[in-house]
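Welcome, and please open your viewer with the selection panel ready. We will go from the whole chain down to single residues, one selection at a time.

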Amino acid sequence: LKHSCFGWAACTGAGGEGPCGSGTATMPSARAAALAVAVPRRPQPGDKLPLQQTLATVPRPEIDGEVQWSLLELTAPIRSQIFFSMVGDLLCYSGANEVNIHLDSLRGVCRELRDQIDEECLTFSYDDTCGLADSLGGGVYDEVRLLNVWLQRHPRLRYFECLLRNVSKFHALLTSLELPPGARCSFVFEFKVGAEELKQLFQRFRVRRLSVIPDEPREDSTSKQGKSGGSWNALPEDARLHMLCLRSCSDEIVRAFLAASPRLQGLQLVDSRLLGDPGIRSANLANLSLTGVVSMPDEQFSKLVARCKGLRSLYISKCHISHVQVALPHLELLSVTHCRQLMDQCVTELLQPSNNPSLRFLDLTEDKGLVSPSIAHPGLEIAWLMHCQQLTDHAVSQLFQNCPSLTAANLVQSSIESALICSPTLRTLELTTSQKLTDQAVTQLLQNAPSLLFLDVGHCCQLLEPRFEHKSLETILLSFCVNLREAAIVGLFANCPALRYVELAVCMFDMTRFQRECSPKCRVVVNFDF
């Protein structure tokens with residue numbers, strides 16, 4: 001949920017020896033603390049850590065020229081520490097035989113960690129504005145030659161990511177770039193690219209991700225673009241392309257790319273002029289994003305989505321839709337944002353369990369036409385309704401009552417005043433800048449949300465003296481609650497024994513008092529010392 005199709009992280013800096021010697025690996029602080037138990041003294045220069053010592057003695061066979069090794073080859077104590085550092089939070093044993101009740105989750109986490117290590121530690125990222133050869137006074141081909149020298153230092157390189165803004169550098173890369181055999185590539189173009197150039201790109205490199213602004217042929221065939229653009233219908237089939245982002249293009253170009261990409265898994269269409277059927281029928285397509293598609297009517301929108309039966313995530317943003325139909329058996333994430341014409345009835349139908357039974361995440365940010373939709377789904381876990389300023393208290397109350405699995409909700413800048421927020425599973429709630437929020441609503445939500453750990457009511461200026469009382473609340477943000485009274489904060493520290501973090505700013509009393517008097521296990525941040 002945190003990364004878009006083309007928001008790829010890379011680890012290409014010097015220093016530290018990662019798996020390919022080109023990056024450093026970091027570990028979450030909680031895991032680092034767990035691993036610290038196994039290393040009682042600080043390592044000195046020239047020391048080898050236990051893991052490095054073990055790896056140095058493990059025989060590692062070569063398969064297809066690549067060194068292979070397994071965690072099973074490590075000694076049991078080190079293997080246990082590594083396993084705990086990766087999936088410790090998910091370990092939950094039950095019964096005399098210690099049968100793990102989260103086995104599927106553990107397997108999924110391990111697969112994701114493996115993929116993330118491959119992506120980040122074996123990736124070289126190039127931005128054509130880095131000025132690689134500027135200090136030498138060289139041209140674009142000199143920069144490519146220098147880039148090749150850098151690439152030769154990483155023989156185990158698997159992924160090459162490239163962001164291009166300069167047409168001449170693209171042409172130089174197309175003719176002179178030398179990558180290790182089998183390296184898979186990702187290209188993002190910030191200028192228009194013709195069909196012939198993309199054909200050469202597919203022929204020279206193993207392209208798995210592509211973000212491009214297609215240069216459509218002009219009616220004036222005598223123009224330079226018309227001669228060099230080529231026909232998009234003649235794109236070579238490339239089964240290796242998995243992620244595709246097309247910007248400012250037509251139906252015909254979308255169809256041409258889809259015909260040439262039979263194994264496409266993710267598709268983004270941005271600011272495109274779609275009028276008819278773009279031909280999206282890929283059986284492998286799991287992620288679809290439609291942004292700024294303002295020319296397509298609701299009926300055609302519904303037909304387009306209905307043909308993608310395997311979708312697991314669907315993003316619709318800044319589109320002129322009011323009532324579309326989405327019924328997908330495997331859909332887990334639905335994001336319909338910045339669609340100001342979206343109607344309550346449409347949202348009510350989208351949330352019907354019979355239409356989308358697998359739905360877990362919902363984002364309706366800045367759908368400002370929503371007033372009182374009925375949001376009811378037994379499997380919904382996360383709901384974002386930020387900047388929906390016309391939502392009624394009744395609609396918000398029904399959200400929490402009719403979504404029994406809800407664990408996190410974001411209602412930033414809402415208009416709720418006295419909504420009844422009652423949820424036994426809710427752990428995170430954000431109500432920032434809800435200017436009408438009352439003391440009674442906050443008092444009741446703390447009474448009716450026993451699992452709550454995080455609460456943000458910053459910039460809620462109507463709060464005076466709500467009763468802050470909760471057994472498990474760990475974090476609360478109260479910045480810019482300018483009318484909040486000191487007695488309310490006294491009650492907060494007296495009645496919330498699990499507090500770990502509190503933010504206060506621009507309150508009309510001595511806020512530093514609570515820094516001095518609070519428990520050492522709780523951090524209090526005042527004013528703007530964030």
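Here is the tour, starting with the overall view.

**Stop 1: the whole chain.** Keep in mind that you are looking at a predicted model. Show the protein chain as a cartoon and you will have 15 helices and 21 strands to follow. Now colour by burial: of the 530 residues in the chain, 44% are buried.

**Stop 2: a pair of helices.** Select residues 167–176, which form helix α6, together with residues 195–204, which form helix α7. At what angle do α6 and α7 pack? The angle is about 35 degrees, and the two axes lie 10 Å apart. The crossing of this pair is left-handed. To see the contact itself, show side chains for Phe170, His171, Leu173, Leu174, Thr175 and Ser176 on α6, and for Glu197, Gln200, Leu201 and Arg204 on α7. Sorted by class, this contact of α6 with α7 has four nonpolar, four polar and two charged residues.

**Stop 3: the cysteines.** How many disulfides does the structure hold? There are zero. Select Cys481 and Cys460 to see one example: the sulfur of Cys460 is the closest cysteine sulfur to that of Cys481, yet it is 5.6 Å away, which is too far for a bond. The cut-off for counting a disulfide is a sulfur pair within 2.5 Å. Cys481 is buried, because its relative accessibility is 0%. Move to Cys388 and you will find another buried cysteine, also with a relative accessible area of 0%.

**Stop 4: two backbone angles to check.** Phe480 is not a glycine, but its phi is positive, near 60 degrees. Phe480 sits in the loop between β19 (475–479) and α14 (486–495). With a relative accessible area of 23%, Phe480 is partly exposed.

Then select Gln413, in the loop that runs between β16 (408–410) and β17 (428–430). Gln413 also has a positive phi, about 55 degrees, although it is not a glycine. Is Gln413 buried or partly exposed? Its relative accessibility is 30%, so Gln413 counts as partly exposed.

Definitions and conventions:
Residues numbered from 1 in each chain as written. Predicted model: local features only at pLDDT ≥ 70, side-chain atom pairs only at ≥ 80, totals over all residues. Heavy atoms only, no water. Buried < 20%, exposed > 50% of the residue type's maximum accessible area, 1.4 Å probe, protein only. Helix = DSSP H or I, 4+ residues; strand = E, 2+ residues; numbered from the N terminus. Axes fitted to C-alpha atoms, helices over the stretch in contact; angles between N-to-C directions. Left-handed = near helix turned anticlockwise from the far one by under 90°. Contact = heavy atoms within 4.5 Å. Nonpolar A, V, L, I, M, F, W, Y, C, P; charged D, E, K, R; others polar.
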